[in-house]
Amino acid sequence: MRFKRKNKLATKLGFLFLTSIILLEGILFVVLYFGFLNQRVMVETDSLIARGNSHRDVLEKHFDEATRGHVALMESEAETQVVITDATNKILDHSNPITTEIKSIIHSVDQTTVDGRIVEGDWVRAPYVSTMSPVKINGDPVGYVYMFLDTEGIRDIRDKLTVQFIIVTGLALFLTVITIIYLSRIITKPLIHMKEATQKMSNGEHDVYLIEDRNDELGELARAIQTLSNDLLRLKNERSDFLASISHELRTPLTYLNGYADIAKRDNLTSEERNRYLTIIKEESGNLTNLVKDLFDMAKMDQKGFLIEREKIELCSLINQVREKVMPAFENKEINLFTSCQKEIIITLDPERFSQVLLNLLDNALHYSEKGKSVRIEAIQVKKNLQVEVIDEGEGIPKKDLPYIFGRLYRVDKSRSRKYGGSGLGLSITKEIIEKHEGTISATSEVGKGTTIKIVIPGVE
Ligand SMILES: Nc1ncnc2c1ncn2[C@@H]1O[C@H](COP(=O)(O)OP(=O)(O)OP(=O)(O)O)[C@@H](O)[C@H]1O
Ligand SMILES: [Mg+2]
């Protein structure tokens, strides 16, 4: 049962192969058999008639013994045979010994109806193909010239063809068996390995190893499945790491909340002290709300439910709106915010998501810069792309951390970022939004001098 199931595909292909070979061979056989053999018989018969007629022409001039003997002698050297009879069909001369078959053919001819032509054309059954040409002098038949061609040669060819057909059929059957075995080795087996691997994967096992050094489509498929398995394993690991970090992220503010709530409950506190603790509680719960909101955003992105709703917008006014929104916070921290925007950049993007990107970047620039520094937003069009840079003069990011800042929950200085409630999700959300816009985001930074985040997205009109 297992073997049968295993080789279904190979057997199907094998039989397809067999059918095509037999079909091809059959067509070839029919063409050769009917085409070639019949053609050959026709040519031979025509030449037989021509030969008989030419003998007849000679005999019509001289129907004497010497000429008849001459004709018979000429024919004795050829493959064909001649028999000359008189008007009553009595044999007068012949080139080769007369066989009973020749006699019976001559006797079966009705001279009154046959006026020179083929008298026996059945090369399959009759021993001879035969023609007859009447010798007429002054309109009256004085004799007949019969020509005979042995059909054995043609039948021989036919028999050889039949034998060859049988041999080729046998060979095709043999080749089919070989093909089925070969196909099951090179196609079915790897397919079964892959099927088993995918089943293993769906059961949650990820130690899938498909070693395929083939260069064909099956090799590609095996490599694709291997990549898929590796990716699944990586995602699984990432997910558990992520969950571990998330639970840590949630536990820390909750611990604060718990602790400060306990303190705030004490009776011996002045109302000023109680207010301070309640403020901390409020701040922490605010941070927690933000974190949960970010997490929710990210979950939506993972589910592909995070849709980008593009519309045509004028970029500078969008930047100005964002600027208005953040201005109070910048003024509060005494940080200058400059925007420079090339006029009239019309671009198709999701304005809400893009504002979120700018807010995240400005939020970072604000939080990681000292009082009195400046932050600049520069937007220009480069070919059909929009390029936006957010440049700050803040603390900068160490080289070793730079590759990781777009990762989830990654923070350079855990304690400092925590101070204002940063969770390390801002840039990873930003990056996902930009990638949904088919764009790229990159960072350059120098510790103590500042950071530049550069975004490039296509879609400028
Ligand atoms: N402009 C910047 N200057 C210096 N460091 C930065 C800057 N932007 C990001 N970083 C570093 O990269 C880390 C990741 O930034 P990200 O915005 O993802 O998280 P976050 O700001 O800590 O938290 P949040 O999720 O609230 O944005 C930050 O913690 C910070 O260490
Ligand atoms: Mg941030």
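## Exercises on helix packing and a ligand site

In this predicted model, helix 8 (residues 315–332) and helix 9 (residues 351–367) pack with their axes 10 Å apart and at an angle of about 40 degrees.

**Exercise 1.** Work out whether helix 8 is parallel or oblique to helix 9, and describe the residues through which they meet.

*Solution.* Begin with the angle of about 40 degrees between helix 8 and helix 9, and recall that angles under 35 degrees count as roughly parallel, while 65 to 115 count as roughly perpendicular. The angle therefore makes helix 8 oblique to helix 9. Next take the handedness, which for the crossing of helix 8 and helix 9 is right-handed. Then look at the residues in contact: helix 8 contributes Leu315, Leu318, Ile319, Val322, Lys325, Val326, Ala329 and Phe330, and these meet Pro351, Phe354, Ser355, Leu358, Leu359, Leu362 and Leu366 in helix 9. Sorted by class, the contact of helix 8 with helix 9 has 13 nonpolar residues, one polar and one charged.

**Exercise 2.** Describe how helix 2 (residues 8–61) is placed against helix 3 (residues 65–76), and then how helix 2 is placed against helix 5 (residues 152–202).

*Solution.* Start with helix 2 and helix 3, whose axes come within 10 Å and cross at roughly 155 degrees. Since angles over 145 degrees count as roughly antiparallel, helix 2 and helix 3 are therefore roughly antiparallel to each other. Helix 2 passes helix 3 in a right-handed crossing, where Arg51, His55, Val58 and Leu59 of helix 2 make the contact with Thr67, Arg68, Val71, Met74 and Glu75 of helix 3. These residues divide into four nonpolar, two polar and three charged.

Turn now to helix 2 and helix 5, which pack at an angle of about 165 degrees with their axes 8 Å apart, so that helix 2 and helix 5 are likewise roughly antiparallel to each other. Their crossing is right-handed, and the residues of their contact divide into 26 nonpolar, nine polar and three charged.

**Exercise 3.** Find which residues are closest to ligand 1, and give the distances from ligand 1 to polar atoms of Asp392, Val412 and Gly426.

*Solution.* First list the surroundings: 18 residues surround ligand 1, and the closest are Asn364, Asp392, Leu425, Gly426 and Leu427. Then consider the side chain of Asp392, where an N or O atom is 2.8 Å from a nitrogen atom of ligand 1. Finally turn to the backbone, where a polar atom of Val412 is 3.0 Å from an oxygen atom of ligand 1, and a polar backbone atom of Gly426 is 2.8 Å from an oxygen atom of ligand 1.

How values were computed:
Residues are numbered from 1 along each chain as its sequence is written. Chains are lettered from A and ligands numbered from 1 in the order in which they are written. This is a predicted model: local features need pLDDT of at least 70, side-chain atom pairs count only at pLDDT 80 or more; totals for chains, interfaces and linings use all residues. Side-chain values use heavy atoms; hydrogens and water are left out. Axes are lines fitted to C-alpha atoms, for helices over the stretch in contact, and angles run from 0 to 180 degrees between N-to-C directions. Helices (H or I, at least four residues) and strands (E, at least two) are DSSP runs, numbered from the N terminus. A crossing is left-handed if the near helix is turned anticlockwise from the far one by less than a right angle, and right-handed if clockwise. Contact means heavy atoms within 4.5 Å. Ala, Val, Leu, Ile, Met, Phe, Trp, Tyr, Cys and Pro count as nonpolar, Asp, Glu, Lys and Arg as charged, and the others, Gly among them, as polar. A residue is near a molecule or strand if one of its heavy atoms lies within 4 Å of it. A polar contact is a pair of N or O atoms within 3.5 Å; within protein, one must be able to donate a hydrogen and the other to accept it, and residues adjacent in sequence count only if both atoms are side-chain atoms.
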